[in-house]
Amino acid sequence: MIIKTIHLTNFRNHETYHLDCEPDTTLILGSNGSGKTSVLEAIYILTCGKSFRATDPDIMKRDADFYRIELVWDSGEKIVATYDGNIKNFIILDKKVRRLPKKNRYPVVFFEPRDLNLVSGSPSRHREYFDRFFSQLSDEYSTILSKYEKALKQRNELLKTDFPDKSSLFSWNLLLARLGSNLQKLRAEFTNEINETLNEIYYSIAENKDQIELKYFSETSNLSENQYFNELEQSFERDIRLGHTTFGVHRDNFEFIFNHCPADGSASRGETRSIILALKFVEAKTLFKKLGKKPIVLLDDVFSELDESRRKCLIKNFKDHQVIITSVENINN
């Protein structure tokens, strides 16, 4: 599938904006703050169902009372999202739905400058990145993650009440143990899949024999659902004292290993960029393998962060994808 056009109304700082997309590469030029990233965000919403950076009230243009975005595929199919200040609807074939149906979603590889700092990022940043990736790979993962986050929020709110009772947390502990155990298994499975091709693709970029691996760390690893539940029960006093849940998969981390050492601190700036490029190419290949659709590639101001050889590598590896690029200056391919 190829995006033909995207049209925005009252979206971010755009009162109205229209983009005709090329089947191969489309370049969006503009100064910083001109709303280039907002166009990619609108595409992401209409392909993946939600924004990668904000909630709907933040997205709607200031002083406007609605926003509307419309995407037309090369097949002629049209998808519209509207938000009236309270409710967001997707409109497909004149039918309104609250969530973008699975059959109308399309995989996307989104690449932004802060991804280049992923190697040295915090555990929360690592989880955010891989949760977004894994949610595209698997509806099961997306559903379990959403339920886990809601249950965790409820448990944390109970912990902050004046006199929380251990028995009141029992049902939430059961739910978190079940959801957390499933989430941990899926994260481990998807990490293994990434590692099947990560090294090989890194070699093709760096042209050397450095060893690259993505490590997944979880305090819940190798625990049965019952053991997970017991850990939550036993952490009650500590959780009361700190006011939040101190055990679980919401504390997991992902770490890049470079030649058997943590890449953060051992890999050079150039090696770090090659690791992230390799990850992006793995992401695209894995999405295609799992979903049977070549992802649309959204590149947000990343060319200025890469040297000439890595720019060429980026173009070469995504030459068979529809690519939409934002930049402050013209890019010579």
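Predicted model: local features only at pLDDT ≥ 70, side-chain atom pairs only at ≥ 80, totals over all residues.
The side chain of Thr326 makes a polar contact with the side chain of Asp300, at 2.7 Å.

Thr326 belongs to strand β13, which covers residues 323-327. Is Thr326 buried or exposed? With a relative accessible area of 1%, Thr326 counts as buried, because the cut-off for that class is under 20%. Apart from neighbours within four places in sequence, the residues in contact with Thr326 are Ile28, Lys36, Leu40, Leu299, Asp300 and Asp301.

| Partner of the Thr326 side chain | Distance |
|---|---|
| Asp300, side chain | 2.7 Å |

Leu175 sits elsewhere: 151 residues separate it from Thr326 along the chain, and their C-alpha atoms are 43 Å apart.

Now to the sheet. An open sheet is built from three strands in the order β9-β10-β11, with antiparallel pairing. Strands β9 (212-217) and β11 (261-262) are at the edges and have a single partner strand each, so one side of each has no neighbour in the sheet. Six bridges join β9 to β10 (residues 253-258) in the antiparallel sense. Within this part of the model, Glu213 is placed opposite Ile257 of β10. Which helix packs on the sheet? That is α3 (residues 123-137), which touches both β9 and β10 and runs at about 95° to the direction of β10.

Definitions and conventions. Residues numbered from 1 in each chain as written. Heavy atoms only, no water. Pairing = 2+ DSSP bridges. Helix = DSSP H or I, 4+ residues; strand = E, 2+ residues; numbered from the N terminus. Contact = heavy atoms within 4.5 Å. Axes fitted to C-alpha atoms, helices over the stretch in contact; angles between N-to-C directions. Buried < 20%, exposed > 50% of the residue type's maximum accessible area, 1.4 Å probe, protein only. Polar contact = N/O pair within 3.5 Å; in protein donor to acceptor, adjacent residues only side chain to side chain.
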